[in-house]
Amino acid sequence: MARYRDVYEASVADPERFWLDAAKALDWHTYPTVALDSDRAPLYRWFPDGKLNICHNALDRHVDAGHGDRTALIYDSPVSDTQRTYTYAELRTQVALFAGVLTDLGVRRGDRVVIYMPMVPEAAIAMLATARLGAVHSVVFGGFAPKELAARIDDAEPRVIVSASCGIEGDRIIAYKPLLDQAIEIAEHTPDHCVVLQRPQLRATMTDRDTDWDQAMSITFPAPCVTVKSIEPLYVLYTSGTTGKPKGVVRDGGYAVALAWTMSNVFDIGPGETMFTASDVGWVVGHSYMVYGPLLAGATTVIYEGKPVGTPDAAQFWRVVDNYQVKCLFTAPTALRAIRKQDQHGTRTVEYDLTSLRYLFLAGERLDSNTHRWASELLGIPVIDNWWQTETGWPIAANPAGIELLPIKPGSPTVPMPGWSVHVLDTAGRPEPPGAEGSIAIKLPLPPGSLPTLWQNDERFVESYLSTYDGYYLTGDGGHVDADGYVFITGRTDDVINVAGHRLSTAGMEEVISAHPDVAECAVIGIHDVLKGQIPRGLVVLKEGTARAEQDVEAELIQMVRNQIGAVAYLRDVAIVGALPKTRSGKILRKTMRGIADGTGDPIPPTIDDISVLEALIPVLRRQKGSKQ
Ligand code: COA
Ligand code: AMP
């Protein structure tokens, strides 16, 4: 623990020095002389006078240093039967050309580009090209429905949207272009142009607003990197909050510093080594450790278009590890649970050579001890849980494999990473003693790479994260820290749920359900699910006098959530009930219902209005109706 302790202590004793030192790993146009601007505290900005370009650091820097022939990106797509490799020089060329396309379409420094794409290398190319121009990308997960995409378009107001004709979900082709057109129809803001990658599986019908990716690439010229101030926004990534309106998490130049630091110190990945992050470009894990992190490190990244199971089988992750000599695999626990369900004894692993694999990193949701044990025993390598959020951009707590591998305690994502001053507080903001459960808060300032604010909404940033405990960032997670300093996360304290590694808002689903003409009121709660971690369950009270059959309304509500949020919301369980339990002041007791459903034995609050309402719901709450795989 001594080496980690020294590094961690240095980061909290003198954070400014620590991060200025870390910044030396990058090429700066103007190396920052000041680490932290605290003038507008609690809004902090890192490296206020630094200037750089992250795309230069991810690509050009390596090519200029003579490493252009190293492999930068491998695209492996069992669903389209494609494997393609890009060297750093090739990827730089593609990115510079696509930056040329964006320039031709009028994109300039500070403009927004929304990217709504499946898992194809062009998604990463579009991200890097946007960053190359000093413009701001906002990637929207391809599983979101048009209404969700429209909400993000209206908030980000992109000049250009980049998309593809289709995605491939298992053996189904999902036409993306009609979803994009619908979203633009719903949104108030209209982009000037859309660039569409025509995939051979399904060609999209183009309109005057649309530009064909391949055609545009064939007639443009490469664009150089535009130097930007480190405090200018690099991207906006929307995430679910406690209301239906997604929060636009902003990232800036400090992100490059933090990612570069984590690649060697946490993930133990250096130039020429391969990292396989099985996530999606639409999530923060995809941004940080599929696109930017490995490329900043001069390593090789794998973009895998497929599922852990069913495309076509449960051996695909092992095949990818073997094919590309992967050193570090990073995915969500739910993906491993899906594999375990189909190959309980891990017999498929013996078909592949996994000797290159040194670490399995897992994040995105709580890592249950069964999955941890199964993976550890099967692979015989460290299985490293790490805890973080879209907002933080990189792990708050992890096992710093590149510094020293600390003893693993199942159920814990190990210890705080440098810069993260983790505190467990009670409702009054008092520190809890070691081992006691509370709300997890981070003492300000947050380290570089974490969100400096929400997109054009400082007020919401302060209100959502900084106003509960003065001087602290509220993570929204509950848990404890033990006497050895190990962090344990028990789950969200708010209405955010995590379904198969996808972060969703139950409030967003409630908004959709409430709009049904027969619904008087409703509550959506996240309940434990063996495969997906959590799944939503809707409890709905119908308006008096509604003559419709309950099953019809239930089916309509499920379809509405699917159409308006997306299939990933996975709301498949809606029950019509007589009433919802409330406090005397009228607040619906969601946490109490969740406790009953999960059998956690949460106490019933004394402020409950009518206990018989809750008692009547117990059989509905306890019924088992998990996901199927
Ligand atoms: N585009 C369109 N639809 C999508 C989609 C996308 N990008 N991603 C998911 N969907 C759809 C699926 O097709 C499915 O639709 P269906 O209800 O019509 O079958 C629905 O959304 C639910 O998808 P998913 O949650 O992925 O369930 P699944 O049963 O297909 O797969 C897992 C289960 C566990 C294998 C899968 O969820 C998984 O790999 N999760 C890991 C997620 C992850 O990596 N998260 C990042 C954090 S590190
Ligand atoms: P996202 O913003 O999608 O990355 O989701 C962040 C949320 O996922 C966190 O606030 C946690 O609730 C949960 N989460 C992420 N990683 C972990 C982990 N390792 N252990 C427990 N919960 C996690």
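Predicted model: local features only at pLDDT ≥ 70, side-chain atom pairs only at ≥ 80, totals over all residues.
**Annotated spans**

UniProt, in an unreviewed entry, lists "domain: Acetyl-coenzyme A synthetase N-terminal" at residues 4-58. It also lists "domain: AMP-binding enzyme C-terminal", again from an unreviewed entry, at residues 509-587. Here's how the two spans look in the model:

| Span | Helix | Strand | Distance between end C-alpha atoms |
|---|---|---|---|
| Residues 4-58 | 42% helix | 20% strand | 27 Å |
| Residues 509-587 | 27% helix | 30% strand | 18 Å |

**Cysteines**

How many disulfides does the structure hold? The count is 0. Take C194, which is in no disulfide: the nearest cysteine sulfur belongs to C166, and that's 16 Å away.

Is C194 buried or exposed? It's buried, because its relative accessible area is 0% and the cut-off for buried is under 20%. C522 is another cysteine that counts as buried, with a relative accessibility of 6%.

**T87**

Now for the threonine. T87 sits in strand β5, which runs over residues 82-87. With a relative accessible area of 18%, T87 is buried, because that value falls under the 20% limit. What does T87 touch once you leave aside its neighbours within four places in sequence? The contacts are G68, D69, R70, T71 and A72. So if you're looking at T87 in the viewer, you have a strand β5 residue that is buried and in contact with residues including D69 and R70.

Technical notes: Residues numbered from 1 in each chain as written. Chains lettered and ligands numbered in written order. Heavy atoms only, no water. Disulfide = S-S within 2.5 Å. Buried < 20%, exposed > 50% of the residue type's maximum accessible area, 1.4 Å probe, protein only. Helix = DSSP H or I, 4+ residues; strand = E, 2+ residues; numbered from the N terminus. Contact = heavy atoms within 4.5 Å. UniProt positions renumbered as here; feature names shortened; annotations may be inferred.
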